[in-house]
Amino acid sequence: MGFCINCGNQHHDGVRFCRFCGTGQPSEQLLARLRAEAEQIRLLRMQMQQQQVNAQNDAYARLEAMRQQAEAATQVNNQQNQQYRPPGW
Ligand SMILES: [Zn+2]
């Protein structure tokens, strides 16, 4: 099933003219090409979304790694502070 490019009424695939308004319809070849393009766009969009998700996951992973490093550095500092006794005390 397709839709008239002029009036929007539904008609069968392959008709050359709309039975409602008589407007010439895109050929099957054009329709097939448009469908293929639409499918490609859909796939590209999905890939871009997936890449965005991956980039977000990467960012979260980097943040988490930085947080763990900061935590480890804090622990080392605390240990050093506890062990450190200034001379004369
Ligand atoms: Zn029409």
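Trainee: In what order do the elements of the protein chain run from the N terminus on?

Mentor: This is a predicted model, where local features need pLDDT of at least 70, side-chain atom pairs count only at pLDDT 80 or more, and totals for chains, interfaces and linings use all residues. Residues are numbered from 1 along each chain as its sequence is written. Helices (H or I, at least four residues) and strands (E, at least two) are DSSP runs, numbered from the N terminus. The protein chain holds one helix and two strands, and from the N terminus the order is β-β-α.

Trainee: OK, and how far does helix 1 reach from its first C-alpha to its last?

Mentor: Helix 1 covers residues 28-83, which is 56 residues.

Trainee: How many residues of helix 1 are buried?

Mentor: Buried means 20 or more other C-beta atoms within 10 Å of a residue's own, exposed means 12 or fewer, and partly exposed is in between, with C-beta atoms placed from the backbone. Over the 89 residues of the protein chain, 1% count as buried. Helix 1 is hardly covered, and its count of buried residues is zero.

Trainee: Take Gln47, then: buried or exposed?

Mentor: Gln47 sits in helix 1. Gly8 is 39 residues away in sequence and 31 Å away in space, C-alpha to C-alpha. Because Gln47 has 10 other C-beta atoms within 10 Å, it is exposed.

Trainee: And how far apart in space are Arg62 and Gln29, C-alpha to C-alpha?

Mentor: Arg62 has its place in helix 1, and it is exposed, with 10 other C-beta atoms within 10 Å. In sequence, Arg62 and Gln29 are 33 residues apart. In space, C-alpha to C-alpha, the gap is 49 Å.

Trainee: Last one: where in the protein chain is confidence highest?

Mentor: pLDDT is the predictor's confidence in each residue, from 0 to 100. The chain averages 89, and 98% of the residues score at least 70. Confidence is lowest in strand 1 (residues 2-3), at a mean of 86. The highest value, 92, belongs to helix 1.

Definitions and conventions
Expected span 1.5 Å × (residues − 1).
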